[in-house]
Amino acid sequence: MPKNKTHSGTKKRVRVTGSGKLMRERTGARHLLEHKSSRRTRRLAGDVVLAPSDTKKAKKLLGR
């Protein structure tokens with residue numbers, strides 16, 4: 001039986017914590033930062049927990 005492969009796009013976007021939660025980065029913090037306010041870029045800097053509605057699908061794509 002062949003092995004299941006981890007979805008490459010998902011593994012680049014989502015990481016699993018020690019307790020098993022899925023974390024993602026906020027969108028909009030990669031480029032064009034010069035015109036965004038400091039307040040906005042600070043808010044975008046932190047990681048957040050993946051939405052419950054997306055968690056089931058992401059775990060499946062990660063092979064968990």
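My entries follow, grouped by the part I was looking at.

**Before starting.** I reminded myself that this is a predicted model.

**Entry 1: Thr10.** I began in helix 1, which spans residues 8–13 and holds Thr10. Is Thr10 buried or exposed? I found a relative accessible area of 9%, and since buried means under 20%, Thr10 counts as buried. Next I looked up its partners, leaving aside neighbours within four places in sequence: Thr10 is in contact with Ala58, Leu61 and Leu62.

**Entry 2: Leu62 and the core.** Leu62 was on that list, and I followed it up. With the neighbours within four places in sequence again left aside, Leu62 is in contact with Thr6, Thr10, Lys11, Val14, Val16 and Leu22. Which residues make up the largest nonpolar core? I noted five: Val14, Leu22, Leu50, Ala58 and Leu62. Two of these core members, Ala58 and Leu62, are also contacts of Thr10. I jotted the general background beside it: in soluble globular proteins, nonpolar side chains tend to be buried together.

**Entry 3: the largest pocket.** I then turned to the largest pocket, which holds about 290 Å³ of space. It is lined by 13 residues, and those closest to its centre are Arg13, Arg24, Glu25, Arg26 and Arg30. Which element gives the largest share of the lining? That is strand 2, with three residues. Helix 1, strand 1 (14–16) and strand 2 (22–25) each supply at least two lining residues. Sorted by class, I have eight charged, three nonpolar and two polar residues in the lining.

**Entry 4: Arg30.** Arg30 sits in the loop between strand 2 and helix 2 (38–45). Its relative accessible area is 69%, and the cut-off for exposed is over 50%, so I wrote Arg30 down as exposed. Its side chain makes a polar contact of 3.3 Å with the side chain of Glu25. I also checked Arg30 against Leu44: they are 14 residues apart along the chain, and their C-alpha atoms are 9.6 Å apart.

**Entry 5: Leu32.** I stayed in the loop between strand 2 and helix 2, where Leu32 is also placed. Leu32 is exposed, at 55% relative accessibility. What is the phi of Leu32? I found a positive value of about 55 degrees, although Leu32 is not a glycine. I put a mark beside that entry, as most residues other than glycine have a negative phi.

Notes. Residues numbered from 1 in each chain as written. Predicted model: local features only at pLDDT ≥ 70, side-chain atom pairs only at ≥ 80, totals over all residues. Heavy atoms only, no water. Helix = DSSP H or I, 4+ residues; strand = E, 2+ residues; numbered from the N terminus. Buried < 20%, exposed > 50% of the residue type's maximum accessible area, 1.4 Å probe, protein only. Contact = heavy atoms within 4.5 Å. Core = buried A, V, L, I, M, F, W, Y, C linked by side-chain atoms within 4.5 Å. 1 Å grid on protein atoms, 1.4 Å probe; cavity = no way out; pocket = protein on both sides within 12 Å on 5 of 7 lines; lining within 4 Å. Points joined across faces, edges and corners; volume = space filled by probe spheres on them. Nonpolar A, V, L, I, M, F, W, Y, C, P; charged D, E, K, R; others polar. Polar contact = N/O pair within 3.5 Å; in protein donor to acceptor, adjacent residues only side chain to side chain.
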